Amino acid sequence: MSPEESNTDCIFCKIASGEMPSEIVYEDEDVVIFPDINPLTPVHLLVIPRRHITSLAEMSDEDTTIVGKMTRAANQVALEHGLAENGYRLTINSGADAGQVIFHLHMHLMGGRHLDWKH
Ligand code: 5GP
Ligand code: ZN
């Protein structure tokens, strides 16, 4: 990956490149999925593009297809984790009000129990 596609200060870039060790649940050319370090649900995984994209707010036109690829990979992994019957949630936090703390685009894949919605 070229330097401009990776951010040397970014934890998720380091996980994607293997520089920082993590269990990897799924990976392909474009997408990596690994467990959240502080799981809030029985299944709590993070779905990221290999390419460093800061947030939804910073997406360019050429980044749009990656969100579809992330969603497809997340669904495949959700089914592999037994979430087909009861369902799961994909969440992207963007910016301060949503509580984004890691500025490398990621989806939270959460499931394994009932999730409250309206708060
Ligand atoms: P955000 O609030 O930005 O949407 O979510 C960031 C998530 O990254 C949090 O759920 C947090 O637990 C997780 N996280 C933070 N640092 C690390 C790390 O070093 N490794 C992993 N696997 N997850 C992390
Ligand atoms: Zn990054």
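**Exercise 1. Find which element gives the most residues to the shell around ligand 1, then describe that shell.**

Step 1. Start with the elements: helix 1 gives the most, with 3 residues. Helices here are DSSP runs of H or I with at least four residues, strands are runs of E with at least two, and both are numbered from the N terminus. Helix 1 covers 11–17, and along with strand 2 (31–35) it supplies at least two residues of the shell.

Before going on, a word on the ground rules. This is a predicted model, where local features need pLDDT of at least 70 and side-chain atom pairs count only at pLDDT 80 or more, while totals for chains, interfaces and linings use all residues. Residues are numbered from 1 along each chain as its sequence is written, chains are lettered from A and ligands numbered from 1 in the order in which they are written, and side-chain values use heavy atoms, with hydrogens and water left out.

Step 2. Now sort the shell: you get 9 nonpolar, 6 polar and 1 charged. Ala, Val, Leu, Ile, Met, Phe, Trp, Tyr, Cys and Pro count as nonpolar, Asp, Glu, Lys and Arg as charged, and the others, Gly among them, as polar.

**Exercise 2. List side-chain atoms that lie close to an oxygen atom of ligand 1, with distances.**

Step 1. Take Asp36: a polar side-chain atom sits 2.5 Å from a ligand oxygen.

Step 2. For His108, an N or O atom of the side chain is 2.8 Å from an oxygen of ligand 1.

Step 3. Asn93 has a polar side-chain atom 2.9 Å from a ligand oxygen.

**Exercise 3. Work out the geometry of the zinc ion (ligand 2) and its donors.**

Step 1. Name the donors (N, O and S atoms within 2.8 Å of the metal, or 3.2 Å for Na, K and Ca). They are Cys10 (SG), Cys13 (SG), His52 (ND1) and His104 (ND1), at 2.0 to 2.3 Å from the zinc ion.

Step 2. Check the angles: the 4 donor atoms give 104 to 116 degrees, which makes the site tetrahedral.

Step 3. Read the spacing along the chain: C-x2-C-x38-H-x51-H. Cys13 in helix 1 and His52 in the loop between strand 3 (43–49) and helix 2 (64–80) are 39 residues apart, so this pair links distant parts of the chain.

**Exercise 4. Decide whether Cys13, His52 and Thr91 are buried or partly exposed.**

Step 1. Buried means under 20% relative accessible area, exposed over 50%, and partly exposed in between (1.4 Å probe, protein chains only).

Step 2. Cys13 and His52 are both buried.

Step 3. Thr91, in strand 4 (residues 88–91), is partly exposed because its relative accessible area is 22%.

Technical notes
Polar contact = N/O pair within 3.5 Å; in protein donor to acceptor, adjacent residues only side chain to side chain. Tetrahedral: all angles 85-135°; square planar, octahedral: opposite > 155°, others 65-115°.
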